[in-house]
Amino acid sequence: MTTGLSPMNRALNLVPKRAESRQTEQLRDTFVDSGVAIVLESVDHQVLYGRRGTGKTHAFRYLATEVKRNGDIAVYLDLRTVGSPEGLFLGEEVKPTERASRLLVDLLNQFHDALMSEALEDDELIENTHLVAKLDQLLDSISTVRVSGEVEVSKEGEKTETDRSSFAAKLGFKAPELEISGEAGTEKRKLTTETRRGTESISLNFSDIARALRELFNTLHSRRVWLLLDEWSSVPGDIQPHLGEFLVRCLLPLQGLTVKVAAIEQQTNFRAALPSGQMIGLELGADIAANVSLDEFMVFEENRERSREFFKSLFFNHLIRGGPLNSPIVHIATTPQGIVRHGFTDSRAFDELVRAAEGVPRDALNIASKAAVRAAMQRISVHDVRAAGRGWFQSDKEAALRSREEASRLLNWIIDKVIRERRARGFLVNQKQANNPLLLSLFDARVLHVVRRGYSAQDEPGERYDVYVIDYGAYVDLMQTRYAPQGMLPIGDDNEDEEPQFVDVPTQDLRAIRRAVLDIDVFLGSQYPR
């Protein structure tokens, strides 16, 4: 038995799974627009939501290339690289304001460096002497340090006296004159020393910073600056509102600047109240729009054909446009359909991969990589995809829940109630329970997926539901058993003697799909096995 891989399988296994691993040109060539690009190209300030793996970084990197192509300036900052260990991890040992100040100084320094790099690479900007001067002014505005503590002043006196009495006399009688002189004087010196004993802290004046930024942007004339802040959720939650307040006071009001923020919705804390009751931070809708979610753009339950075409283009772009020019598969597959024809046993195998990905591009790339290794010299089969989907679920998603025992219990409870008892893979949750921390942790870990939000039923006015599906990897090992899911949402009564019936789209009459509603409070009040 050979242990090698076919050229196609080798290429699938070597595809970089993260956008950071790609060069800028490759990111543009491998980007597949699911409809988000045209929304992000708006000059409005926006928040881009999306769970891990949905393509936030890739979308921002693509947007940066388009911004530069149009003659504007794009500054991409990864917030995972901003800040110091003292500011990020010391918690209560350092006040949130001090930690936020350190973060802001580092952020503005990176912003300054990025603009300077843009100037050095741009023939027009490099000759703009005013720009360089204003960049220096920006550095001055964030370099203020305050010392808090005791101040000790000591004085030392030193006195030196020198007699310098002056007199002169001349003697002469027709002979050479003789002159005698002398001096007497007094000289005094005082020495004062001052010693400060205290703690240095950063002192930022938002007015000075805003003025420096405004004058800086004025030197750019008609060129707009796009500030793309990625990985917002990596900032500790208690200082996120302080960072948001800085954006509100210093950046968002500036003309010629567009701010985009990429974040995980369940891990963001844009706004908070101070002990005094004052609200600080970003107000969604008023200060910045939150109308873009890759979790919604990547849901394909309602349009399977669009799902197939998206992932065909995804693999084609990564393997052909983003791969080496001398790769053998460049001559094997010249179209997206060619990837399916030469890489999979049939269209069913590729459809199984699309189903396993649940609309998450990074999951699709990882599952395809594992399936390619299993297939070795053969084309990828349905069996390979199922085994890879289960393996990826166990190594990536299930592993992320091991530190949260209650979340794992909830997942097992949902699998028992929905899949084993109802033979379904989807369920409804009242939006009143949508912010349950355990449910959010399952959604964030990509073991649950929302396929529709805000569903309302005629017989329950005012009540809204979200439609969830369970991740493919969580039930794939049940697909060859009597517990295999038969459809999306179960309808009818709980009667084991009747053949189960299912619908993919919720009906307006909630009574018809009452079985599909899952009450999380029932789990919380139960003694489900630990």
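The structure is a predicted model, in which local features need pLDDT of at least 70, side-chain atom pairs count only at pLDDT 80 or more, and totals for chains, interfaces and linings use all residues. Residues are numbered from 1 along each chain as its sequence is written, and side-chain values use heavy atoms, with hydrogens and water left out.

Begin with the chain as a whole. Its secondary structure comes to 21 helices and 16 strands. Helices (H or I, at least four residues) and strands (E, at least two) are DSSP runs, numbered from the N terminus. The protein chain has 530 residues, and 47% of them are buried. Buried means under 20% relative accessible area, exposed means over 50%, and partly exposed lies in between (1.4 Å probe, protein chains only). The chain exposes about 27400 Å², of which carbon and sulfur atoms supply 47%; accessible areas come from the Shrake-Rupley method with a 1.4 Å probe, and for residues only the protein chains shown count as cover. Among contacts with a separation of 6 or more, 74% are between residues 24 or more positions apart. Contact means heavy atoms within 4.5 Å.

Now turn to the sheets. Strands of a sheet pair through backbone hydrogen bonds, either parallel or antiparallel. Two strands pair if DSSP finds at least two bridges between them. Axes are lines fitted to C-alpha atoms, for helices over the stretch in contact, and angles run from 0 to 180 degrees between N-to-C directions.

Within this sheet, S2 and S7 run parallel and are joined by 6 bridges. Leu77 stands opposite Leu229 in S7. Strand S7 (residues 225-230) also pairs with strand S8 (residues 257-263), in the parallel sense over 5 bridges. Here Trp226 has Thr258 in S8 as its bridge partner.

Leaving aside residues up to four places away in sequence, Ile73 touches several residues, including Val67, Leu115, Glu118, Leu220 and Trp226. Ile73 and Glu118 are 45 residues apart in sequence, yet their C-alpha atoms are 7.5 Å apart in space.

Strand S13 is joined to strand S14 (residues 464-470) by 6 bridges, and the two run antiparallel. Tyr455 stands opposite Tyr465 in S14.

The axes of H6 (residues 96-121) and H9 (residues 206-218) come within 14 Å and cross at roughly 10 degrees. H6 and H9 are therefore roughly parallel to each other. Angles under 35 degrees count as roughly parallel, over 145 as roughly antiparallel, 65 to 115 as roughly perpendicular and the rest as oblique. H6 contributes Leu104, Leu108, Phe111 and Leu115 to the contact, and H9 contributes Phe206, Ile209, Leu213, Leu216 and Phe217. The residues of this contact divide into 9 nonpolar, no polar and no charged. Ala, Val, Leu, Ile, Met, Phe, Trp, Tyr, Cys and Pro count as nonpolar, Asp, Glu, Lys and Arg as charged, and the others, Gly among them, as polar.

The other pair is H12 (residues 304-321) and H14 (residues 336-343), which pack at an angle of about 85 degrees with their axes 8 Å apart. That makes H12 roughly perpendicular to H14. The contact involves residues of H12, including Lys312, Phe315 and Leu319, and residues of H14, including Pro336, Gln337 and Val340. The residues of the contact of H12 with H14 divide into 7 nonpolar, 2 polar and 1 charged.
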